[in-house]
Amino acid sequence: MIPPSLLLAATASVVSLLSAVPTIAFISPSVLHPVDISSRRGCPKAWGSISHTSRDGNACRTKILPRRSYLAANPDEGVETDVSRKIGIIIAGAPASGKGTQCESIVRDYGVIHLSTGDMLRAAVAAGSPVGKSAKDYMDAGKLVPDEVIIGVVKDRLSEADCQSDGWLLDGFPRTPGQAEALAAAGVTADCFIFLNVPDSVLVERVVGRRTDPDTGKIYHMKFSPPEDPEVRARLVQRSDDTEEKVVVRLEQFHANVEAVRGYYKDVAVTIDGTSSPVNVAEEINTAVKGKLLEA
């Protein structure tokens with residue numbers, strides 16, 4: 001039998017310990033408010049945060065929420081269609097136009113699923129789906145995967161639960177008029193088609209200055225964002241296709257198709273100046289997407 005005095009002492013110790021540990025209470029959506037985190041994350045205005053207080057009265061860390069979550073709780077402060085249905089966005093741009101950076105911002109702001117054809121093909125092959133097996137046959141033979149197979153991979157991926165519930169962002173696809181036509185025939189439509197417009201001279205400068213750290217995979221630019229560490233700088237390598245001669249060829253191929261592709265999405269297309277800072281470009285994209293959603 002444990003003496004009552006020891007039980008009381010033990011209970012008092014536990015209560016004391018619990019009172020010293022910050023705990024998070026349930027926070028109602030009404031405390032959500034927009035916050036500007038551009039100064040500390042290098043990105044445009046976030047769309048929501050939760051502020052709460054710990055047991056000892058000190059403020060706990062702010063949590064940034066996706067824009068979709070913020071608008072769900074505060075429909076009067078945004079575009080209600082953002083949360084009433086899934087969103088479909090396509091982003092197009094030449095090599096080095098900044099698509100990768102802007103895709104990160106779009107995913108963060110809208111909570112959509114980022115999709116690139118390379119990732120989708122690899123996932124389909126790994127899953128062993130019928131279109132994945134077909135794609136593998138072409139890839140193993142060193143052949144280009146035909147449009148009908150790629151469209152099948154894309155259509156299958158868009159039908160998955162996360163894309164159906166959260167919406168999607170197609171990165172650099174469709175690339176050709178044939179792909180755009182096949183996508184439309186498959187019943188895939190977009191709410192907004194974003195074109196990042198950057199002059200070829202700027203693109204060439206961006207590409208030829210790129211270097212990759214083989215140890216970490218991080219990409220630097222020798223003019224715009226060189227590494228500070230001399231050891232890192234010394235081991236940087238240039239991709240074989242990041243030469244001026246090869247990037248000019250890639251740009252010619254891009255320009256040969258992009259206008260025709262934009263024609264398939266003329267009602268939802270927006271052109272964004274990609275020469276501005278990443279933060280400004282992201283803000284312009286955000287405004288454009290909201291505008292297209294209001295028109296829908």
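This is a predicted model: local features need pLDDT of at least 70, side-chain atom pairs count only at pLDDT 80 or more; totals for chains, interfaces and linings use all residues.

**Helix packing and aromatic pairs**

Start with helix H11, residues 200-208, and helix H13, residues 244-264: their axes cross at roughly 135° and come within 10 Å. Because of that angle, H11 counts as oblique to H13. The crossing of H11 past H13 is right-handed. Which residues make the contact? On H11 they are Asp-200, Leu-203, Val-204, Val-207 and Val-208, and on H13 they are Glu-244, Val-247, Leu-251 and His-255. Sorted by class, the contact of H11 with H13 has six nonpolar residues, two charged and one polar.

Some context on the chain. Its secondary structure comes to 14 helices and nine strands. There are 296 residues, and 38% of them count as buried. If you take contacts between residues at least 6 apart in sequence, 64% join residues at least 24 apart.

Now the rings. How many aromatic pairs are there? The count comes to two, with ring centres within 6.5 Å as the cut-off.

One of them is Phe-193 with Tyr-265, a stacked pair, 5.2 Å centre to centre with 5° between the planes. Phe-193 lies in strand E6, residues 192-197, and Tyr-265 in the loop between H13 and strand E9, residues 269-273, so this pair ties together parts that are 72 residues apart in sequence. Are these two residues buried or exposed? Both Phe-193 and Tyr-265 are buried.

Phe-195 and Phe-254 also form a stacked pair, at 6.3 Å centre to centre and 15° between the planes. Here Phe-195 is in strand E6 and Phe-254 is in helix H13, so the pair ties together parts 59 residues apart in sequence. Phe-195 is buried, as is Phe-254.

Arg-262 is found in helix H13. Why does Arg-262 count as buried? Its relative accessibility is 19%, and buried means under 20%, so Arg-262 falls within the class. What is Arg-262 in contact with, leaving aside its neighbours within four places in sequence? The list is Phe-193, Phe-195 and Thr-271.

Note on methods: Residues are numbered from 1 along each chain as its sequence is written. Side-chain values use heavy atoms; hydrogens and water are left out. Axes are lines fitted to C-alpha atoms, for helices over the stretch in contact, and angles run from 0 to 180 degrees between N-to-C directions. Helices (H or I, at least four residues) and strands (E, at least two) are DSSP runs, numbered from the N terminus. Angles under 35 degrees count as roughly parallel, over 145 as roughly antiparallel, 65 to 115 as roughly perpendicular and the rest as oblique. A crossing is left-handed if the near helix is turned anticlockwise from the far one by less than a right angle, and right-handed if clockwise. Contact means heavy atoms within 4.5 Å. Ala, Val, Leu, Ile, Met, Phe, Trp, Tyr, Cys and Pro count as nonpolar, Asp, Glu, Lys and Arg as charged, and the others, Gly among them, as polar. Rings of Phe, Tyr and Trp (its six-membered ring) pair if their centres lie within 6.5 Å; planes under 30 degrees apart count as stacked, over 60 as edge-to-face and the rest as tilted. Buried means under 20% relative accessible area, exposed over 50%, partly exposed in between (1.4 Å probe, protein chains only).
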